[in-house]
Amino acid sequence: MTTAALPPAFTAAVTTAAVLGCLAYLAAAARLRARGDAWPYGRDALFCAGGAVLVAGVAEPWGSAPPFTAHMLTHLCVGMVAPLLLVLGRPLTLTLRAAPVPVRRGLVALTRARWAAVPVLPPVAALLDFGGLWLLYRTPLLSVSHHSAWLNAAVHLHILLAGVLFSFGLLALDPVRHRPGMALRAAVLLAAGAAHAVLAKSLYAAGPPGTSFAAADLHLASQVMYYGGDAVELALAAVVACRWYRAEGRALRRARRTDRPAPRGTTTAAAATRW
């Protein structure tokens with residue numbers, strides 16, 4: 001069984017958006033540095049790498065790879081690797097610092113809106129992301145999308161947006177209305193990783209309903225999904241753990257400053273002043 005190719009117009013639109021987004025990001029970062037503000041160059045590299053992975057994913061340069069394996073490589077790039085890299089670039093924070101005042105006010109109002117906080121809550125974002133994958137691969141949706149290029153494009157767009165929401169909500173790098181606690185984020189990541197792993201193993205045993213991929217293709221694609229997903233989830237876990245470690249370190253330093261004993265002689269001087 002072959003898979004439907006993405007419409008050239010969709011590929012061109014995503015590529016154009018990725019290129020323009022990277023150029024706008026670099027221009028905003030340069031504007032910050034020109035006025036003396038710090039902005040790590042590593043974030044530039046991460047965001048542009050995310051754009052490059054996204055462009056490669058929609059271009060589907062997989063050569064002679066079996067059809068389902070090629071589809072899974074595209075899914076890994078578009079839905080997991082590119083969203084993680086883009087979010088690590090912290091584009092919202094950059095926009096809030098570099099954009100004109102009216103744009104910043106609009107973004108602040110958006111980030112404080114209650115409805116905008118719901119999709120980036122880690123449990124909701126995980127349901128949209130990994131629940132969508134279960135719906136795609138354990139129902140006839142994948143088979144139906146293979147007969148419609150534009151439905152296939154809509155599926156890939158959902159995979160991209162859901163992946164961005166999941167990475168954004170889980171990492172909580174940019175300012176949002178409610179920052180979820182570390183315990184909730186860790187629990188959601190573990191649950192999402194387990195759901196992803198179980199789905200990959202189920203595809204190793206049986207393909208999506210309505211499809212007829214070769215057994216070797218199914219096995220290779222499920223391994224791409226399993227091990228590739230593990231790599232991205234480990235990267236997410238590493239970022240969450242580092243942020244937890246830094247937050248705990250800052251809290252400990254504040255506590256030490258608060259509980260610091262008075263310098264030698266302070267008590268005597270204070271007593272002499274009172275008397």
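**Surface, core and overall form**

Author: Let us begin at the surface of this predicted model. Val19, Leu20 and Leu23 make a nonpolar surface patch of about 280 Å².

Reader: Which residues touch the most other members of the largest nonpolar core?

Author: That core has 40 residues, and those touching the most other members are Phe68, Met72, Tyr137, Phe166, Leu171, Met225 and Leu236. At least two residues each are supplied by helices H3 (67–88), H4 (91–98), H7 (122–137), H9 (149–171), H10 (182–205) and H11 (215–258). H11 gives the largest share, eight residues. Another core, of 13 residues, lies apart from it and includes Phe10, Val58, Ala82 and Leu85.

Reader: What does Tyr137 touch, leaving aside residues up to four places away in sequence?

Author: With those set aside, Tyr137 touches residues including Phe68, His71, Met72, His75, Leu199 and Met225.

Reader: How many helices and strands does the protein chain have, and why is it described as more spread out than a compact globule?

Author: The protein chain has twelve helices and zero strands. Its radius of gyration is 23 Å, whereas the globule rule gives 19 Å for 275 residues; the value is well over that, so the chain is more spread out than a compact globule. The C-alpha trace spans about 95 × 40 × 35 Å along its principal axes.

Definitions and conventions. Residues are numbered from 1 along each chain as its sequence is written. This is a predicted model: local features need pLDDT of at least 70, side-chain atom pairs count only at pLDDT 80 or more; totals for chains, interfaces and linings use all residues. Side-chain values use heavy atoms; hydrogens and water are left out. Patches are made of residues with over 30% relative accessible area and no salt bridge: like charges are joined within 9 Å, nonpolar side chains (Val, Leu, Ile, Met, Phe, Trp, Tyr) within 5 Å. Accessible areas come from the Shrake-Rupley method with a 1.4 Å probe; for residues, only the protein chains shown count as cover. A salt bridge is a side-chain nitrogen of Lys or Arg within 4 Å of a carboxyl oxygen of Asp or Glu. A nonpolar core is a set of buried Ala, Val, Leu, Ile, Met, Phe, Trp, Tyr and Cys residues joined through side-chain atoms within 4.5 Å. Buried means under 20% relative accessible area, exposed over 50%, partly exposed in between (1.4 Å probe, protein chains only). Helices (H or I, at least four residues) and strands (E, at least two) are DSSP runs, numbered from the N terminus. Contact means heavy atoms within 4.5 Å. The radius of gyration is taken over C-alpha atoms; the globule rule is 2.2 Å times the number of residues to the power 0.38.
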